[in-house]
Each structure stands twice: as C-alpha cells, then as structure tokens.
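Please work through the following exercises with the sequence and the model in view. Each task is followed by a solution in steps.

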Amino acid sequence: MTQSPMTRRTLFALGAPAALVAFVACSKSSSGTSNSTTSKSVSTPDNVVSFNWPEITETKLRDDTGYHLNKLVDGAPTVTLYTDYEVFECAKAELAYEKAAKDLEGTMNVTVRHDPSPNGVYARDSATAVLAAEVQGKHLAMARKLYETQEEWRIAANAEDLRVKFKGYAKEIGLDVDKFDKTMDDNSIADLLYTDQKHAWDLRVGYTPDFTVNDKVLENIDINKVLKNVESSTSAEYLVKEFKKAAGLS
C-alpha cells in the first residue's frame, strides 16, 4: 500500500502541517463500452494476477461522488474506491471492486476517486491520464490499461518517456491521441484531480486502496481478504457484504 505506518489519517489526527497539506492538494501534475473478456497476466510483488475483467459498460458519468462504475440509482447509498494507479494493491483491488459493482447494480452506486500518493513518481501523471481518457468516454478502458501495464510505465526514464507510453496506450484503446495529449495538460483535468484528492483529505482517507460508504471511511475492511482471492468471486463477495453492511442494507 502507498503509505508508511505514518498514514495520512494519522497525520490528520496529529495535525498535519499546512505546507504538507498544500503540497498534496495543489502540486502540478469512439466507443463508450469496455466489455473486455480478455485475460492478461501481470506480475505483482507477491503473485501473478490474471486480469479477467468483468463486462462493464462505460457509464460516462461523473458527479460529486466520483466516476460511476454502474448505473446511477437516485437515493441509493454510494460506495467509493480511492485509488492510485501506481500501486500494485490498487490494481488487484480494482478487479474485485469492478466485480462488486456488477453485483451491486441497482442497489448501491459504485464510484471511483483518484488519490495519488505525493511520494509516487508517476502517481499524479497516471491519474491525469485516466481523467484525460474519461473526457473521450474511456475512463474504464484507460484505468484497466494502466493497471495491466504497471510494470512498463512505472519504470519510465522520465516524464517525456512516460507521455510516449501513455499516448501509445491511448491509441490502443481507441482514443483521439492528439486530443488526449492536449487534455492531459488542461487545467480542467488538474481541477478534477484536485477535487478528488481534496475529498480524500477531507475524509481522512488513510491509504490506497481505501473505501468509503456515503463518505464514511470503512475502517473494518480487511484489505488482505480483498487482495488474496481477486481471481475468484470471493473478494467481490466480501466487498459486497461489507458495503451493504456499512450502508445498512443487510
């Protein structure tokens, strides 16, 4: 996970220096479906994950709760994943979370927010790439691509090399590459990232991946249960149970 024992939540409890908060919050930085049934194996520190993504249609919907992974149900509780595309554990959590999103269709709204670590080399850049792809209706497609290719772009030699890799991924998922490249530098994308990250800080989200239900951090989630069995239905079933319990639905 992204944080050392001195987590962001701990920093808030102790009273984080204003300069540190300002740095994290303010530092710089087709088809509408993604019905992938392709399985891609990717090495992670503790095993190899086969990303057999569930069939999910891009909602193309972002509101003040984040980017939606399932259809919006007015008045339903909202669960949110706070993620960092540079983190191996977030890649595994995303797989389970997407499966949970399908299971919760019509019951809970399932959203994603970005919370890149200030210590990550390319954490903000990768979140920016997903937001830029979102403008062309491909949030989910780019997020999946970055999770699958973490070992490639995380070792980019510099920002220029990283941009070349991201533009290559944009082409692969069917984006207008020139538009994507320009959007990456647009102030509106920086504003969206700031909004997501400020929300995480306001809620005292302590690490990534992390989850909230109706803007309340789920302190009792056992992340090891989520990460251990992501290729089976076990992780998603555990998440669904915990999300419903936190929302008072079970």
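**Exercise 1.** Which residues have the most contacts inside the largest nonpolar core?

*Solution.* The model is predicted: local features need pLDDT of at least 70, side-chain atom pairs count only at pLDDT 80 or more, and totals for chains, interfaces and linings use all residues. Residues are numbered from 1 along each chain as its sequence is written, and side-chain values use heavy atoms, with hydrogens and water left out.

Step 1. A nonpolar core is a set of buried Ala, Val, Leu, Ile, Met, Phe, Trp, Tyr and Cys residues joined through side-chain atoms within 4.5 Å. Buried means under 20% relative accessible area (1.4 Å probe, protein chains only).

Step 2. The largest such core has 59 residues, and Tyr97, Met142, Phe166, Phe180, Phe211, Leu239 and Phe243 have the most contacts inside it. Helix α3 gives the most to this core, with 8 residues. Helices are DSSP runs of H or I with at least four residues, strands are runs of E with at least two, and both are numbered from the N terminus.

**Exercise 2.** State with which strands β7 pairs, and in which sense.

*Solution.* Step 1. Two strands pair if DSSP finds at least two bridges between them.

Step 2. Over 6 bridges, β7 pairs with β8 (residues 109-114) in the parallel sense; leucine 81 stands opposite valine 112 there.

Step 3. With β9 (residues 210-213), β7 runs antiparallel, joined by 4 bridges. Here leucine 81 stands opposite phenylalanine 211.

**Exercise 3.** Are the residues of β7 buried or exposed?

*Solution.* In β7 (residues 78-83), 6 of the 6 residues are buried. Thr78, Thr80 and Tyr82 lie on one side, and Val79, Leu81 and Thr83 on the other.

Definitions and conventions. Buried means under 20% relative accessible area, exposed over 50%, partly exposed in between (1.4 Å probe, protein chains only).
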